[in-house]
Amino acid sequence: MKVIPAIRHVEIQKVKPKRPNVRFCTPRQLESHKEAIWSINASLVDWSREEFDADFGAAKLFAAFFVDGKVVGLATVMEEEFEINGKRVFTIGLGKAVIQHAYRNQFLVQRALIFRWIRRFLRKPLQPIVIWGSCVSYKSYLSFVKVLRVVYPVAGVPIPEAQEQVMDKIGFHWYGDHYQQASKVVKVPNFRVSDEAAVPRKEDLNDPAIRFYFDRVPQTAEATFGLLTISPCIRSNFFPMGGSWARNFLRKALGINRKAAKATN
């Protein structure tokens with residue numbers, strides 16, 4: 001009797017997207033990629049081409065995320081030095097971040113912030129540095145509160161006076177009348193988020209951090225609001241951020257090895 005060998009189950013794995021490289025570029029350096037950048041923006045943000053062109057040309061520096069020479073994401077670098085209680089504080093923010101869905105969850109914005117922090121630290125190692133974000137989605141807010149130990153604002157924690165002064169300096173400098181000082185909410189002009197990933201599921205609202213975010217930030221179809229969020233670059237914050245980056249990298253690398261092992265067994 002002929003024996004038919006058993007058919008082994010082969011698990012089909014999705015092709016893992018490449019890890020983007022982070023580069024810092026001026027608008028002029030990105031001119032040849034402008035149409036691709038517009039395409040990404042058009043799929044995630046409800047704004048006109050005229051609004052995009054004006055915003056693109058007004059920026060001084062971008063954090064651009066590249067894969068095989070193509071831009072797959074972009075964020076505006078927003079840096080400024082302020083005097084707080086007689087001390088010069090350097091602030092580093094990334095705003096209006098847009099990243100193709102396939103390349104998200106790869107610590108891109110955080111990597112860019114780390115690179116800018118290291119650059120400033122090497123130039124002025126004794127100067128206080130604060131990183132910040134406008135957090136126009138609850139996910140960008142979670143990237144602060146779920147990774148870093150010292151973040152403002154968070155539920156149930158008063159904002160120290162010095163940190164509140166930093167927040168207000170950032171808010172009024174970058175957003176002017178669009179900054180709501182009492183709530184620390186900013187309105188981002190000409191930038192209406194239309195990404196469905198920014199809409200939480202019902203069960204997500206059980207998370208205290210997500211609930212805090214939505215209790216503060218207005219949700220309207222006419223404009224995009226965000227929660228101005230800051231974090232001082234201190235030891236208790238740097239190690240969690242670096243550790244999260246390392247775990248993220250190793251988890252993905254080991255995941256590839258485990259899948260490869262399954263395919264060969």
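Modeller: Some ground rules: the model is predicted, local features need pLDDT of at least 70, side-chain atom pairs count only at pLDDT 80 or more, and totals for chains, interfaces and linings use all residues. Residues are numbered from 1 along each chain as its sequence is written, and side-chain values use heavy atoms, leaving out hydrogens and water.

Colleague: What makes Trp-38 and Phe-52 an aromatic pair, and why is it called tilted?

Modeller: Rings of Phe, Tyr and Trp (its six-membered ring) pair if their centres lie within 6.5 Å; planes under 30 degrees apart are stacked, over 60 edge-to-face, the rest tilted. Here the centres are 5.2 Å apart and the planes make 45°. So the two rings pair, and the pair is tilted. By this rule the count comes to eleven aromatic pairs.

Colleague: Why is the pair of Phe-172 and Tyr-179 called edge-to-face?

Modeller: The angle between the planes is 90°, with 5.0 Å centre to centre. That is over 60 degrees and within 6.5 Å, so the pair is edge-to-face.

Colleague: How do you know whether Tyr-179 is buried or exposed?

Modeller: Its relative accessible area is 5%. Buried means under 20%, exposed over 50%, partly exposed in between (1.4 Å probe, protein chains only), so Tyr-179 is buried. Phe-172 has 42%, so Phe-172 is partly exposed.

Colleague: What puts the charge of Arg-23 over the ring of Phe-66?

Modeller: The rule asks for NZ of Lys or CZ of Arg within 6 Å of the ring centre and within 35 degrees of the ring normal. The charged end of Arg-23 sits over that ring, 4.1 Å from its centre. Arg-116 lies over the face of Phe-24, at 4.8 Å.
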